[in-house]
Amino acid sequence: MSGKKMIFSGIQPTGTFTLGNYIGAIRNWGPLQDEFNCIYSIVDLHSITVAQDPVELRKNSLRAYALLLACGIDPKKSIAFFQSHNKFHAELNWVLACNTQFGELSRMTQFKDKSARHADNVNAGLFTYPVLMAADILAYNASLVPIGGDQKQHLELARNIAQRFNQRYGDFFTVPEPYIAPLGAKVMSLQDPTKKMSKSDENPNSCILILDEKDTIVRKFKRAVTDSDAEVSFADGKDGINNLMTIYSCFTGKKFDEIQNEFSGKGYGDFKLAVGETVADALEPVRTEFARLMNDKAYLKECYMDGAMRATKITQKTITKIYRKVGFVDAR
Ligand code: TYM
């Protein structure tokens, strides 16, 4: 793991990944594996900030791991592991929490949104969620963090925490940069294109899950909310069409003017069908590979145990140095 720069990113195992997760984050993770040392985690500790059924969580976590590999993460090239398998994330979380201000956490928009949505469970973990995220990244001295646009504010906070620690205790942490792809940083809901596509949306038609079957994907795109115009073009006020054009562009590599030409004179119906079929066909190999991996639980276990071991080894060294910097007595 020497020489190359470090990359860290994570995804929560709260159900199947969405097309938003895929376009905004995971599809960018695979191509980074040759140039960087990549560490990708199923962040199960984060997921319990919202109430989870334990049986479902364990099932979803294993599925999420298999899906990560099915999306092109190679567990030999990268470190792919469950966050809860490396106890140093939680240890660093504590040190960083003591270097984070209440006011900073109160300004996090995701905390405001989630505490409004789960008013009966505004727990302390939900509030300190971004500190654990900072610990995930800083534990590996990652310099780059590939994320969708909605995680930008959390990354800013991680940078502030790193800078503050460095000022207080002497330069130690790499200050991480976000890596946000120019196209698809925010994939919108198919039913309300002013809102982000999210698996927690109550309307199943709003969201494409990457394990959805082809006919489901096509049907959801057919039902996508657009506008009363009829021309496929990217413009202000055409949020639904803009979103579909972005998705189509991500999968075909076509520019917006090419897409406009391709569908000139045709209606929205033809366009929606083309987007649906393109997305479904592109995700087909992911579904096939996922099914294959889920039939080989022994292999999955081998991969995530190996990932945990490698991740723990890196962070053990980091945490020892941090404890010394902070002033704890050496345990050796
Ligand atoms: P999570 O699990 O909500 O989402 C995983 C990744 O998917 C991106 N994403 C989207 N991108 C574009 N359009 C959308 N509609 C969309 N929805 C989700 C997210 O930006 C994210 O990159 N807190 C993080 C997980 C995390 C993490 C970390 C990330 C924990 N520790 C350290 C990076 C580094 C989260 O809840 O992501």
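Colleague: How many residues of domain 1 are in contact with how many residues of domain 2?

Modeller: 14 residues of domain 1 touch 17 residues of domain 2, where contact means heavy atoms within 4.5 Å. One caution: this is a predicted model, in which local features need pLDDT of at least 70 and side-chain atom pairs count only at pLDDT 80 or more, while totals for chains, interfaces and linings use all residues. Residues are numbered from 1 along each chain as its sequence is written, and side-chain values use heavy atoms, with hydrogens and water left out.

Colleague: Thanks! Which residues make up domain 1 and domain 2?

Modeller: Domain 1 covers 6–184 + 296–326, and domain 2 covers 204–291. Those bounds come from an automatic or database domain assignment. The C-alpha centres of the two domains lie 30 Å apart.

Colleague: What area do domain 1 and domain 2 bury between them?

Modeller: About 1,300 Å², with 83% of it on carbon and sulfur atoms. That is the accessible area (1.4 Å probe) that two parts lose on being put together, summed over both.

Colleague: And which helices supply the domain 1 side that touches domain 2?

Modeller: α1 (19–29) and α3 each give at least two residues to that side. Helices here are DSSP runs of H or I, at least four residues long, and strands are runs of E, at least two, numbered from the N terminus. The residues on that side of domain 1 split into 9 nonpolar, 3 polar and 2 charged.

Colleague: How many salt bridges cross the interface of domain 1 and domain 2?

Modeller: The rule finds 0 salt bridges there, a salt bridge being a side-chain nitrogen of Lys or Arg within 4 Å of a carboxyl oxygen of Asp or Glu.

Colleague: Switching topic: is Arg159 buried or exposed?

Modeller: Arg159 counts as buried because its relative accessible area is 17%; buried means under 20%, exposed over 50%, and partly exposed in between (1.4 Å probe, protein chains only). Arg159 sits in helix α8 (residues 152–169).

Colleague: What does Arg159 touch?

Modeller: Leaving out residues up to four places away in sequence, Arg159 touches Val175, Pro176 and Glu177.

Colleague: How about Val55, buried or exposed?

Modeller: Val55 is exposed, because its relative accessibility is 58%. Val55 belongs to helix α3 (residues 54–70).

Colleague: Last one: where is Asn141?

Modeller: Asn141 is in the loop between α7 (124–138) and β4 (144–146). Although not a glycine, Asn141 has a positive phi of about 50 degrees, and at 22% relative accessibility Asn141 is partly exposed.

Technical notes
Ala, Val, Leu, Ile, Met, Phe, Trp, Tyr, Cys and Pro count as nonpolar, Asp, Glu, Lys and Arg as charged, and the others, Gly among them, as polar.
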